[in-house]
Amino acid sequence: QVQLVESGGGLVQPGGSLRLSCAATGTIFRVNTMGWYRQAPGKQREEVAAITSGGTTNYADSVKGRFSITRDDAKNTVYLQMNSLKPEDTAVYYCNADLQVTAYRQPRDYWGQGTQVTLSS
């Protein structure tokens with residue numbers, strides 16, 4: 001059974017940094033695009049950043065130049081380095097992966113349980 005296990009959230013001051021990690025565990029044939037989403041209280045979930053299996057990245061305008069997404073395919077892990085954090089970055093951050101569990105199954109989306117990032121001075 002595939003699980004996405006997140007870590008790295010917490011409480012940080014504005015201007016600070018955090019690094020989120022998300023490891024896909026279980027029986028996995030291929031991991032395609034991996035990404036991070038976030039949901040702030042009272043708002044819809046939004047995509048923050050994504051990275052394809054070829055290494056192409058995409059960022060929300062609100063985080064460009066501050067966040068960086070990378071992946072380690074040997075570990076089926078995706079990272080989100082968050083710098084120059086702002087109060088509006090406060091949210092629950094969710095990991096997402098489009099992956100195949102076997103060569104005979106279609107790819108589908110998997111989600112992590114979410115990790116809280118809170119900005120507070």
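**Strands, contacts and a nonpolar core**

Student: What does Ser 7 touch, not counting residues up to four places away in sequence?
Tutor: Ser 7 touches Arg 19, Leu 20 and Ser 21. Contact here means heavy atoms within 4.5 Å. This is a predicted model, where local features need pLDDT of at least 70, side-chain atom pairs count only at pLDDT 80 or more, and totals for chains, interfaces and linings use all residues. Residues are numbered from 1 along each chain as its sequence is written, and side-chain values use heavy atoms, with hydrogens and water left out.

Student: Why is Ser 7 called partly exposed?
Tutor: Its relative accessible area is 39%. Buried means under 20%, exposed means over 50%, and partly exposed is in between, using a 1.4 Å probe and protein chains only. The value of 39% lies in between, so Ser 7 is partly exposed. Ser 7 belongs to strand β1, residues 3-7.

Student: What makes a stretch a strand, and how many does the chain have?
Tutor: Strands are DSSP runs of E with at least two residues, helices are runs of H or I with at least four, and both are numbered from the N terminus. By that rule the chain has eleven strands and zero helices.

Student: How do you know whether the chain's radius of gyration agrees with that of a compact globule?
Tutor: The radius is taken over C-alpha atoms, and the globule rule is 2.2 Å times the number of residues to the power 0.38. With 121 residues, the rule gives a value near 14 Å; the chain has 14 Å, so the two agree. The C-alpha trace spans about 50 × 25 × 25 Å along its principal axes.

Student: What makes a group of residues a nonpolar core, and which members touch the most others?
Tutor: A nonpolar core is a set of buried Ala, Val, Leu, Ile, Met, Phe, Trp, Tyr and Cys residues joined through side-chain atoms within 4.5 Å. The largest one has 32 residues, and Trp 36, Leu 80, Met 82 and Tyr 93 touch the most other members. Elements giving two or more residues to this core include β3 (18-25), β4 and β5 (46-51). Strand β9 gives the most, with five residues.

Student: Which contacts does Met 82 make beyond four places in sequence?
Tutor: Among them are Leu 18, Leu 20, Phe 67, Tyr 93 and Val 117. Tyr 93 is also in contact with Tyr 37, a residue of strand β4 (30-39). Tyr 37 and Val 48 are eleven residues apart in sequence, yet 5.0 Å apart in space, C-alpha to C-alpha.

Student: What makes the phi of Asn 76 and Ser 84 worth a look?
Tutor: Most residues other than glycine have a negative phi. Asn 76 is not a glycine, yet its phi is positive, about 50 degrees; Ser 84, also not a glycine, has a positive phi of about 50 degrees. Asn 76 sits in the loop between β7 and β8, and Ser 84 in the loop between β8 and β9.

Student: Why do Asn 76 and Ser 84 count as partly exposed?
Tutor: Asn 76 has 22% relative accessibility, so it counts as partly exposed. Ser 84 has 41%, and therefore it is partly exposed.
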